[in-house]
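Here is a friendly walk through one protein chain, meant to be read with the model open beside you.

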Amino acid sequence: MALRHAVLAALLDEELSGYQLAKAFDLGVANFWHALPQQLYAELTRLERDGLIAGREVVQDTRPNKRLFTVTSAGREELERFTASAAKPSFIRDDLMVKVQAVDHVAVETVIAQLTERAAFAQAKIELLGRLLHTMRGDRTEEEFLRHGERVGPYLTCLRGLAFERGNHDWCVRTAALLTERQAAHARH
C-alpha cells in the first residue's frame with residue numbers, strides 16, 4: 001500500500017484541508033498507516049497533480065486562505081483497483097522489540113523503562129480509541145452500529161487499532177514485569 005491510498009481513503013467522506021487531514025490521520029488512519037504532516041502535504045500535491053483529488057481555495061476573512069480536497073472519480077477508480085489487488089501480509093518493524101531481543105546483553109533497566117513508557121502510551125491510545133468508537137456509534141450498541149451504521153469502515157479499522165494497542169500494552173506490561181523479576185532474582189544470587 002502506498003500513502004496515496006491511505007490519503008484517498010481518508011478523503012472519502014468529506015472535503016478536508018491538509019491540516020484536517022493530518023488530524024484525521026492522527027485519530028483514525030494512524031492505526032494502520034503512519035505519516036508525518038509534511039508527507040501528507042506532499043502527497044496531496046501529487047494526488048492533485050495526478051487528478052486523483054481536486055482542491056479548491058477557500059477565502060477566509062480572519063485567517064489565511066485554505067485549500068480543501070476531495071476525491072475525484074479517477075481517485076475512486078484508483079481505490080477500486082487498490083482494493084481489488086491482493087493484500088500483502090503485515091509485519092512488525094519495531095525498535096523496542098530489537099532492544100528486548102538484545103536485553104540479555106544490554107542495560108536491562110533502560111529496556112524496562114522503555115517498556116513501561118510504551119505501555120503507558122498504549123493505555124492512552126486505548127482510552128482515546130474507546131472514546132472515538134463511542135463517538136462513532138453514538139447511543140447504539142456496537143452490534144447495532146455494525147449492522148445498521150452508515151459507514152462501518154472507519155469503525156472497523158478503529159477496532160483493529162484498539163486490539164493492536166491492547167496487545168502492545170499487555171505485552172509491554174508482561175515483559176517489563178518478567179524482566180524486573182529476573183533482574184531481582186539475579187541480584188539475590
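## A residue to start from

A177 has a relative accessibility of 35%, so this alanine counts as partly exposed. Please keep in mind that the model is a predicted one. A177 sits in helix 8, the element that covers residues 153-188. Looking across to another part of the sequence, you will find T116, which is 61 residues away from A177 along the chain. The C-alpha atoms of A177 and T116 are 9.3 Å apart.

## The cysteines

How many disulfides does a search of the whole structure find? The count is 0. A disulfide would need two cysteine sulfur atoms within 2.5 Å of each other. For C158, the closest cysteine sulfur belongs to C172 and lies 20 Å away, so the two are too far apart for a bond. Starting from C172 leads back to C158, again at 20 Å and too far for a bond.

Are these cysteines buried or exposed? The cut-off for buried is under 20% relative accessible area. C158 comes out at 1% relative accessibility and therefore counts as buried. C172 has 2% and so counts as buried too.

Here are the residue accessibilities side by side:

| Residue | Relative accessibility | Class |
|---|---|---|
| C158 | 1% | buried |
| C172 | 2% | buried |
| A177 | 35% | partly exposed |

## The chain as a whole

Stepping back, the protein chain contains 8 helices and 2 strands. Read from the N terminus, their order is α-α-α-β-β-α-α-α-α-α.

What about overall dimensions? Along the principal axes, the C-alpha atoms fill a box of roughly 70 × 45 × 40 Å. The radius of gyration of the protein chain is 21 Å, whereas a compact globule of 189 residues would have one near 16 Å.

Buried residues make up 31% of the 189 in the protein chain. Which share of the contacts between residues at least 6 apart in sequence joins residues at least 24 apart? In the protein chain, that share is 57%.

## Surface and charge

The protein chain has an accessible surface of about 12,700 Å². Carbon and sulfur atoms account for 55% of that surface. As for charge, the protein chain carries 25 positive and 26 negative charges. The mean position of the positive charges and that of the negative charges are 2 Å apart.

Terms used: Residues are numbered from 1 along each chain as its sequence is written. This is a predicted model: local features need pLDDT of at least 70, side-chain atom pairs count only at pLDDT 80 or more; totals for chains, interfaces and linings use all residues. Side-chain values use heavy atoms; hydrogens and water are left out. Buried means under 20% relative accessible area, exposed over 50%, partly exposed in between (1.4 Å probe, protein chains only). Helices (H or I, at least four residues) and strands (E, at least two) are DSSP runs, numbered from the N terminus. The radius of gyration is taken over C-alpha atoms; the globule rule is 2.2 Å times the number of residues to the power 0.38. Contact means heavy atoms within 4.5 Å. Accessible areas come from the Shrake-Rupley method with a 1.4 Å probe; for residues, only the protein chains shown count as cover. Lys and Arg count as positive and Asp and Glu as negative; His and the chain ends are not counted. The place of a charge is taken as NZ of Lys, CZ of Arg, CG of Asp or CD of Glu.
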